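These are my notebook entries on one structure. I looked up a few things and wrote each one down.

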Amino acid sequence: MELEAAKMIGAGIAALSLAGAGIAIGNIFSSYLSAAMRNPSAAQKQFPNLLLGFALAEATGLFGLVIALIILFAF
Amino acid sequence: MATNPMQQFVVERIGPEIKIAGIDLSFTNSSLFMLLSALGICAVLFLGTKEKKLIPDKFQLLSELLYNFIAKMISDTAGSKAKPYFPFIFSLFMFVLFCNMFGMLPYSFTVTSHIIVTMLMAVFILIAVTVIGFIKHGFGYLKLFVPSGVPVILLPLITVIEVISYLSRPLSLSVRLFANMMAGHTMLKVFGGFVVSLGILGGWLPLSFSVALTGLEVLVAFLQAYVFAILTCIYLNDALNLHH
């Protein structure tokens, strides 16, 4: 296989890690919503934790994107 | 027509080339935007605290809001012992926030989309937290790596894992901010390229997407500054209140 083609395939596979970030973000918001529906008075206090979890989960997926960009541009 | 979405991250020299002892210290567009955000912070806080009114005007409201936000965040995550470090956390948060927000303006340069900038801040935080921990607890700070209540057989393994996780903090802290900023801006420019290539008939769909993504990116710009500051608070909490 040509090196260029292998690089492209590798970058594409590395970008698949964003699927995990998608699952994680969906999970965080669904858990928050279901918990907030059960106990609306406690929901407001946990909002910063929701944002923190969202940002942490999104960043994990973006690490994979960084790997993809390193494969594409750094080598 | 610049169609390369990576074009926006190019660092260009402004003015004459300055070289001191072989190190390039020229003024670049990156330094320009760092200076702009620092001046922006000073302007907002100066206008906010110029005359202290009982009924605040816009700038005073903004500075009070930011002050209360960070003060509450620090006391919630790191406790009352972290009060002396408020200026550090506050300037860190404001600098990252203003750099991110200035980067959202069209044709501007995002300082935090370069890993060298975020890595420098994160390594500085790691060194500062380690020094603070050793000053506060002496060699007892090393107990951070030996959690209590762990079976003796597992202890060597856990200690190695804890040390690795401690040392990888600056990496994850910096890559998180840098990757979020860079991925978001690249995505915006890719969708902007779609608008041009689809022309006047089909370009409306990516254009509306682009508007929605800009809103998302403003949220992410704020959120990443918040996460950067809150993680610094959590690391500071480890150093100040050793609870293992």
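Entry one, contacts within chain A. I read that 91% of the contacts in chain A with a separation of 6 or more are between residues 24 or more positions apart. Two residues are in contact if their C-beta atoms, placed from the backbone, lie within 7 Å.

Source note. I am working with a predicted model, where local features need pLDDT of at least 70, side-chain atom pairs count only at pLDDT 80 or more, and totals for chains, interfaces and linings use all residues. Residues are numbered from 1 along each chain as its sequence is written, while chains are lettered from A and ligands numbered from 1 in the order in which they are written.

I found 4 helices and 0 strands in chain A, in the pattern α-α-α-α along the sequence. Helices (H or I, at least four residues) and strands (E, at least two) are DSSP runs, numbered from the N terminus. The radius of gyration of chain A is 18 Å, well over the 11 Å that the globule rule gives for 75 residues, so chain A is more spread out than a compact globule. That radius is taken over C-alpha atoms, and the rule is 2.2 Å times the number of residues to the power 0.38. I noted a C-alpha trace spanning about 60 × 20 × 5 Å along the principal axes of chain A.
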